[in-house]
Every structure is written in structure tokens, then in C-alpha cells.
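Please go through this structure with me, one question at a time.

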Amino acid sequence: MLRNVLPRVPGWLGKYCLEKSHLASTVPSDSHHPFIPMKICCVGAGYVGGPTMSMIARKAPDIQVTVVDLNERRIAAWNSDVLPVYEPGLDEVVREARGRNLFFSTDVKGAIAEADIVFVSVNTPTKTYGVGAGRAADLRYIESVARTIAEVAKTPKIIVEKSTIPVRTASTIQEILAAYPGTAKCQVLSNPEFLAEGTAIADLEKPDRVLIGGERTPEGEAAIETLASVYGRWVPRERIITTNLWSSELSKLVANAFLAQRISSINAISALCEATEADVDEVANAIGKDSRIGPKFLKASVGFGGSCFQKDVLNLVYLCEHFGLPEVATYWEGVIKINDWQKRRFAAKIVRSLFNTVADKRIAVLGFAFKKDTNDTRESAAINVCRDLLTEHANVVVYDPKVPADEIIADVCGRGVSPNPRLSVAKTAYEACAGAHAIAIVTEWDEFKTLDYEKIYAGMPKPAFLFDGRNITDLAKLRAIGFRARGIGK
Ligand code: UDX
Ligand code: ADP
């Protein structure tokens, strides 16, 4: 396919593709076409940049991949045996490629200057100040990277937006690049990441689709082809979708909004189930069998967390308001409102069940990450649950298999603030539960399914309560042991 496309591509990118891209790895090098390895740089060594680049390096040993970050500790961790991101299967991928064609460095400018393709994978948190506070994405990190690229790009590059960004961010990057005299001509592409944490390696290995948006000009098409050829090494071509820039940018927000909407929908129904004695898992199973609805993302929970859902839905809400569509904004805002309500509802149920007071009672919170198989705590429901219980003067003891104690305390109490003495962190689930008046399961870690609940029950004051915020335990068995056990939507 590339062979058909490339000869029609005029200008610098066509030549670049022919000499340096996919063909370089398939056509033996000779004196006319010397083999020049393609160089990829990724700015931002976080949950997205690190795993994604590690997978590209594994699948394309002929491409040199350098991941850069300003955060020296993070880069040192990527170069060590204890990676900064916990993700099943990631260690193996990094071990295979690191030092061969995968490098982690703090030399941001040097790596950008050398690269043919620059992925931008920096954080885009929700703005906490000024216009759009609490809704719009904070683009300061994106702008800073764009300025760095503009300073050092003396050869043409393809710049790839990987971070989730508001629609039309590509034009901001283009404008910044154009404002610097001497910057080489660069193409900006949007290539949103759809991996989910905890399953990132499987998602990267076999993505449902790879989306690449670019300008519909010959140069834009050539840049799209170059990036497609990178993914084309392991992703079937029919799964690589190309669109214009704005469709690609918007699709990322819309995909996350639809997924979040499903969770808020089932969580809203979970409250109705509790009122009517229906069982939300049975309802989810029944509706999910309808092929038009499908079974995924119908697991009622204590509320969704993670770095994307809330941020992206809020971003969508902001965009709708900005473009004069208040009805659409209100519609999507409902997804967030239900999620906030569900988190509060869980903590309130604990207080109500414990005879309307948890003051000085020990509550064991099992799980702190926003989902299992990750050490990421961003927007985790556990943060809200802990804060609500502390406000009620409970003594909260948290256990999570992967999140460090200082992270838990900083997330709940704030950074640089003296920690709340009522909050502590246990080294095991058993330690957390010993002497607890109630257990709250907040993350669905597999180990919580197989704990010795008889032993735990024996060590708790009675009546002993258990609130399963993830519906992973067998409530009937727990009740048979003696627990006053409650799930979500049951
Ligand atoms: C999400 C998107 O799935 C991914 O495509 C995008 O690239 C980034 O955002 P992630 O946030 O890593 O990925 O995890 P995801 O599996 O989507 O879970 C998000 C939250 O929803 C978690 O807190 C999870 O526990 C919760 N969830 C998920 C539910 O409560 N119920 C479900 O049925 C599914
Ligand atoms: P994500 O989940 O999107 O990967 P993270 O917060 O885990 O987000 O990672 C983003 C990374 O980007 C952080 O490690 C941060 O230090 C890095 N970063 C932010 N701005 C810059 C910049 N201008 N140059 C280099 N790295 C940056």
C-alpha cells in the first residue's frame, strides 16, 4: 500500500518517507538508499508515554525510541528495575527493548532535535484557575512543549498529539511553531491513545483501532502514512483509521464520554435497584445480552475514577458551552454529577448503616487505586470516600497492594499539608481490617476476592459491617459468616 501512495506524495515528506520510513525496514539498504533509522522522541514519560513507546520499541526494533521527561526521578525510575508505572506485562516489554532501541532521558531538547517524529504525551489536567476553571483543560504543558519544539526543530518533523486535548489544539501548536523564525516545517497529527490502565499492554498489542488525524493536504497525508507505517508493523491496516485533525481530537473526548456515560447510567440504576430489591448485576447482565447494548462497561461501582473520564467529560462540557450549546453541555455534565453523587452515596451509606455515626470507629478501606492492576490514584473514588469518612471523624485505615503510603496520605490530605492523624495506611488487608467496625472495598483488586473473611470477621467488633463498592465478593457467604454485608445496587 505504501508503495502505491509514496510516489504520489510530493515534497519533503514523500522523500523522507521513501528513505527513512517503513520502506527502510523492508527494502535492503544500498548506496542509493542508505539505511537511516527512524528516530522517535516522546515528550512525557507518564502512564501513556511510557507504555506506548515501550510497545513501539518492542515492535519496531529498527526505530530508535527516546522517551524524555523534565522529571528526573521519573526518568531514573524508568531506567531502574522499579518502573514508575505499575502495569501488568510492562516490565518485560521494557526489559526487552531498553538499551537496545528504547531510551529514557532528561535531555528533552536533544531528543527532540534529533527526532523525525515527536510524540507529545504530557499531562493536560483540568484547569483549576481563571477562565474555564474546573472544566477546561490546562494546556500550559502542551504550549511549553510546542515552544521547545519550535526552538530546536531545525529539520522537518511530524508532531503527534498523544495527550488528550481539546479540539483544535493542533492549530495552537501550528501557530506557535509558525511564530518562531527558523523552525523547520512540521506536520501536526492527532493520534489519541485509547489504552486503559491495568490492561495497557494488551490494549497496545491488539488495539481495537488506531486513530490518526491529520491535515487533508499531500503533506498531511504523507505524515499520516508515515505514522501509520509505524503502527502497521503490528496493527492490521484495516484497524488504522485516518480522519481529519478535528475529528480525531474530538473522537477521543467522545469515546471517553460515552464510556463514562455507561458507568453513570448503570450507577444511577444501582440506586433504583437498592430501592426496589432488584439486583444491578442481574439487570446489567439482562440488558447487556442485547447486542445493541453489549455487556461491557456496565459494572456498577462506587464511581469511576482515573485521569481521563472526568477530565474529558468536563472538557466536552466546556467546549459545548464555548460553542453556545448549553443544552448539550448540561446533558454531559449529568454524567459527572451522577458520579460525584455515587461516591458520596457510598460513604453516606456506611455512616447511616453504622447507626449514623462513625466517629472514632475504625473503618478499613481496601484498595486506593482508581481500578485494579494500576498504581494510579488520579480521581480515585477512594479519595472522596476517605475524605467523607474523615469528615465524620472516623479512623480510616487504608490498604492498597500497589499504592505507596505517602501517595495515599498526600492524595487524601493534600500535598505539603500536615496529615490528618485519623488516617493511616496498613501493610496488608488483614492488618487494616483487624479491629475495624466496617470494611469498605473500594478497588476491585483480585486479592480481596479470596481473603479469609472468617478470620477477618473474628477480629472485628460486632456487628461487623462490609460494604463492597465493587460487587466482587459473595454477599450471601459473607452474611452466612455473620457480616452485615452490602453491595452496590443490591
Ligand atoms: C479510560 C478509557 O477506557 C481508555 O480508552 C482511555 O484511553 C483512558 O480512559 P482508564 O481510565 O485507564 O481508561 O480505565 P477504565 O477501564 O476505562 O476505567 C475507568 C474507571 O471506570 C475506573 O475507575 C473503573 O473502575 C471504572 N469502571 C469501569 C466502572 O466503574 N465500571 C465499569 O463497568 C468499567
Ligand atoms: P499521562 O497519564 O497522560 O501519561 P502523566 O502525568 O502520567 O500523564 O505524565 C505526563 C508527564 O509529562 C509527566 O511525567 C510530566 O513530568 C511530563 N511533562 C510535562 N510537561 C513537560 C515538558 N514540558 N517537558 C517534558 N516533560 C513534561
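Q: Which residues in helix 4 are buried?
A: This is a predicted model, in which local features need pLDDT of at least 70, side-chain atom pairs count only at pLDDT 80 or more, and totals for chains, interfaces and linings use all residues. Residues are numbered from 1 along each chain as its sequence is written, chains are lettered from A and ligands numbered from 1 in the order in which they are written, and side-chain values use heavy atoms, with hydrogens and water left out. Helices are DSSP runs of H or I with at least four residues, strands are runs of E with at least two, and both are numbered from the N terminus; buried means under 20% relative accessible area, exposed over 50% and partly exposed in between, with a 1.4 Å probe and protein chains only. Helix 4 (residues 49-59) has 10 of its 11 residues buried, so it is largely enclosed by the rest of the structure, and the buried residues are G49, G50, P51, T52, M53, S54, M55, I56, A57 and R58.

Q: Which residues does Q310 contact, leaving aside its neighbours within four places in sequence?
A: Q310 is found in helix 14 and counts as buried, at 18% relative accessibility. With contact taken as heavy atoms within 4.5 Å, and neighbours within four places in sequence left aside, the partners of Q310 are F304, I336, D340, K343 and E379.

Q: How far apart in space are Q310 and K343, C-alpha to C-alpha?
A: In sequence, Q310 and K343 are 33 residues apart. In space, their C-alpha to C-alpha distance is 13 Å.

Q: What is the phi of E379?
A: E379 lies in the loop between strand 9 (362-366) and helix 16 (381-391), where it is partly exposed with a relative accessible area of 37%. Most residues other than glycine have a negative phi. E379, a residue other than glycine, has a positive phi, near 60 degrees.

Q: What is the phi of H393?
A: H393 is found in the loop between helix 16 and strand 10 (395-399), and at 44% relative accessibility H393 counts as partly exposed. Although H393 is not a glycine, its phi is positive, at about 65 degrees.

Q: What is the omega of the peptide bond from K462 to P463?
A: P463 has its place in the loop between helix 19 (453-458) and strand 13 (465-468). Most peptide bonds are trans. The bond from K462 to P463 is cis, with omega near -5 degrees.
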